[in-house]
Amino acid sequence: MEIKVNFLIAGTQKSGTTALDAYLRLHPDLGMASEKEVHFFDNETYFTNDPIDYSPYHQAFAPKPEHRLFGESTPIYMYWRTASERIWRYNPDMKLILILRNPIERAFSHWNMECSRGAEQLSFWEAITNEQQRCQAAWPLQHRVYSYIDRGFYSKQLTDIWRYFPRQNTLLLKHEELKASPQKIVNQVFDFLGVDRLIDIKPHEIFAIPYGQTISPKEKAFLLERFAEEINTLEQQLNWDCTDWKNNG
């Protein structure tokens with residue numbers, strides 16, 4: 001059975017993509033990738049030759065006759081600069097689901113995850129104040145681990161996506177709303193994809209790593225100063241009220 005991937009949960013990391021992926025797997029019409037985070041469009045090795053061989057991508061799926069749409073969740077796609085064009089060349093009609101989280105909380109959650117993986121040894125303060133220097137090691141690509149602050153500048157990432165895809169092909173969601181009202185948000189996703197709604201979605205939180213410490217007032221103030229202009233830009237760009245993000249702490 002030949003397939004074409006129709007939709008992606010493409011961002012952003014540490015914003016509830018694992019939970020949303022699990023909710024979408026409940027729908028009989030949706031054929032999700034065998035595992036979350038296929039990492040195709042951010043993998044440079046797949047794009048060294050032309051034409052692109054998409055067979056490794058399609059091998060991540062196990063299509064069934066009842067599947068009407070195919071999708072996967074790789075939250076770095078939104079952040080990875082070359083991913084949007086690659087996705088567009090694969091399927092210019094792709095639908096992109098993007099979950100945004102308070103960038104201050106997202107950065108701290110990201111750091112906490114890397115610490116739990118053993119990929120980060122610095123304190124959060126040391127990590128965010130030395131991020132720019134540390135991320136230069138990955139140049140000309142972005143750094144996959146130490147990009148705690150950089151990933152939180154959503155407005156440019158969205159602008160890059162909209163260079164290739166019309167806005168009606170993107171669904172922007174708030175992490176806080178997904179967590180508080182999963183049934184409402186998942187219904188929005190089903191409507192966006194054009195499939196029937198499912199009733200009685202059971203709220204659950206997946207892959208929540210306990211924090212060994214809390215973010216300090218100094219760290220919050222530092223990040224709020226970094227993100228203040230960005231949050232204002234997002235409010236205008238998306239017509240959102242992000243007062244809760246600005247009042248963080």
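His39 is found in the loop between β2 and α2, in what is a predicted model. His39 has a positive phi of about 55°, although it is not a glycine, and with a relative accessibility of 26% it counts as partly exposed. Pro51 has its place in that loop too, between β2 (30-32) and α2 (55-58), and the peptide bond that leads from Asp50 to Pro51 is cis, with omega near 10°.

Two further sites deserve a careful look at the backbone. The peptide bond from Gly11 to Thr12 is cis, with omega near -15°, and Thr12 lies in the loop between β1 and α1 (17-24). Asn239, which is not a glycine, has a positive phi of about 60°; this residue belongs to the loop between α10 and α11 and, at 71% relative accessibility, counts as exposed. As background for reading these angles, most residues other than glycine have a negative phi, and most peptide bonds are trans.

The table sets out relative accessibility for several residues treated in this report.

| Residue | Relative accessibility | Class |
|---|---|---|
| Leu193 | 8% | buried |
| Asn187 | 12% | buried |
| His39 | 26% | partly exposed |
| Pro203 | 60% | exposed |
| Asn239 | 71% | exposed |

Why does Leu193 count as buried? Its relative accessible area is 8%, and the cut-off for buried is under 20%. Leaving aside neighbours within four places in sequence, Leu193 is in contact with Phe7, Leu30, Leu69, Lys95 and Ile97. For Lys95, which is 98 residues away from Leu193 along the chain, the C-alpha atoms of the two are separated by 7.7 Å. Asn187 is likewise buried, with a relative accessible area of 12%, and, with neighbours within four places in sequence left aside, it is in contact with Arg197 and Leu198.

Pro203 sits in the loop between α9 and α10, and it counts as exposed at 60% relative accessibility. Not counting residues up to four places away in sequence, Pro203 touches Tyr23 and Pro182. Between Pro203 and Asp241 there are 24 Å in space, C-alpha to C-alpha, and the two are 38 residues apart in sequence.

Is helix α4 largely enclosed or largely open? Of its 15 residues, 11 are buried, so α4 is largely enclosed by the rest of the structure. The buried residues include Pro103, Ile104, Phe108, Trp111 and Met113, and also Arg106, His110 and Glu114. Among the elements that cover the buried residues of α4 are α5, α7, α10 and α11 (243-246). The length of α4 can also be checked: at 1.5 Å a residue its 15 residues should span 21 Å, and the end C-alpha atoms are 21 Å apart, which agrees.

The largest nonpolar core has 50 residues, of which Tyr77 and Leu100 touch the most other members. The elements that give two or more residues to this core are β1 (7-11), α3 (83-90), β4 (95-100), α4 (103-117), α5 (124-129), α7 (154-162) and α10 (217-238). The largest share of this core, 5 residues, comes from α10. There is also a second, separate core of 23 residues, which includes Ile9, Met32, Leu171 and Ile201. In soluble globular proteins, nonpolar side chains tend to be buried together.

Conventions: Residues numbered from 1 in each chain as written. Predicted model: local features only at pLDDT ≥ 70, side-chain atom pairs only at ≥ 80, totals over all residues. Heavy atoms only, no water. Core = buried A, V, L, I, M, F, W, Y, C linked by side-chain atoms within 4.5 Å. Buried < 20%, exposed > 50% of the residue type's maximum accessible area, 1.4 Å probe, protein only. Helix = DSSP H or I, 4+ residues; strand = E, 2+ residues; numbered from the N terminus. Expected span 1.5 Å × (residues − 1). Contact = heavy atoms within 4.5 Å.
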